[in-house]
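Got the viewer open and your selection tool ready? Let's take a short walk around the surface and then into a pocket.

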Amino acid sequence: MSTRCEFVLFVMLTVAIVVVSGGCGNSSTTETLCCDGRNDKCYRTQKDKTSKTGFKTCFCDSTCSQTKDCCSDYNQACKPVSCVVQFGKWGGCSNPCGFGMQKRKGNVVVKRENGGKECPELIQHKYCYERNGCKVQRTLRKKLAAETGGILPAHLKNHRKSEFYDMSKGIRKNLWRRYHKNNVITREPYCVHFVITRARRLCQKIKHPKHLWANKLKVGQMVCVECTPLAMKKGLERCKGHGVAKHKTRWNAIGVHGCGGKWERMEEMEKPCSCDPKQEPSFIFI
């Protein structure tokens, strides 16, 4: 006798229970009994002339065919039902110009029962290649490459946070709420790293105490430039002159006459962050 048959027999002998007779299928007195996986409580009793008691214990779980103790009507009453999923259309390519990923979602229309095949992943991905957006990207890159980034030393961003410069506080708050509240940009600050490829000699000759920060702008120097919401342009949600990855664009030190040049942006995408003047030469866009 199998192990789980001994277990069930032990329960039947030690605990007072109502014995349900019949097979797995529905009858006038019982409902259909079918269970997924191994379940020692998923059993019925059937008449058996070869047994001393006249009855035998049989199972209606999906592993009974392996343990060879299924009820006689198991294959008919507990026919395996495989999961059926209906998938929607593939979404657009994540990259409008080049290689990217497409995604689609599926809905379960028939649930898995009685040991049938399991459902596949309901969210599927596949690679894609798109060229339709290349013209738009080229136009955008050309526009970005023509912009000049105006910069100031990073410590000046603290003044933007003060109540003196914050129009939403103090005596000006009512005017701000009426005329400017809807123009506030909620995007988080982000920073971009550049390597300076060209700098005018005047940047190194500055001796005025207020403009000594321009001395850091020299060829080969990597700098961090932060874009804060107050410097972002409405409708663009970005700072003017933040450059194009792996392309040389122009920069200009605001307030320092004759200090400007070119730099090359390092990152492809902007990430929310803040430049740290203690770690690297840091500036802000205006």
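Start by selecting Val-84, Val-109 and Val-110: together they make a nonpolar surface patch of about 200 Å². Keep in mind as you look around that this is a predicted model.

You'll find Val-109 in strand β4, which covers residues 98-110. Is Val-109 buried, partly exposed or exposed? Val-109 has a relative accessible area of 47%, so it counts as partly exposed, because that class runs between 20% and 50%.

Next stop: the second largest pocket, which holds about 400 Å³ of space. To find the middle of this pocket, select Leu-140, Arg-141, Leu-144, Glu-268 and Met-269, the closest to its centre of the 17 residues that line it. Which element gives the most to the lining of the second largest pocket? Colour residues 134-146 and you have it: helix α4, with four lining residues.

Met-269 sits in the loop between β10 (260-265) and β11 (271-272). With 60% relative accessibility, Met-269 counts as exposed, because the cut-off for that word is over 50%.

Conventions
Residues are numbered from 1 along each chain as its sequence is written. This is a predicted model: local features need pLDDT of at least 70, side-chain atom pairs count only at pLDDT 80 or more; totals for chains, interfaces and linings use all residues. Side-chain values use heavy atoms; hydrogens and water are left out. On a 1 Å grid over the protein atoms alone, a cavity is a set of points where a 1.4 Å probe fits but cannot get out, and a pocket is an open set with protein on both sides within 12 Å along at least five of seven lines; lining residues have an atom within 4 Å of a point. Grid points are joined across faces, edges and corners, and a volume is the space filled by probe spheres set on the points. Helices (H or I, at least four residues) and strands (E, at least two) are DSSP runs, numbered from the N terminus. Patches are made of residues with over 30% relative accessible area and no salt bridge: like charges are joined within 9 Å, nonpolar side chains (Val, Leu, Ile, Met, Phe, Trp, Tyr) within 5 Å. Accessible areas come from the Shrake-Rupley method with a 1.4 Å probe; for residues, only the protein chains shown count as cover. A salt bridge is a side-chain nitrogen of Lys or Arg within 4 Å of a carboxyl oxygen of Asp or Glu. Buried means under 20% relative accessible area, exposed over 50%, partly exposed in between (1.4 Å probe, protein chains only).
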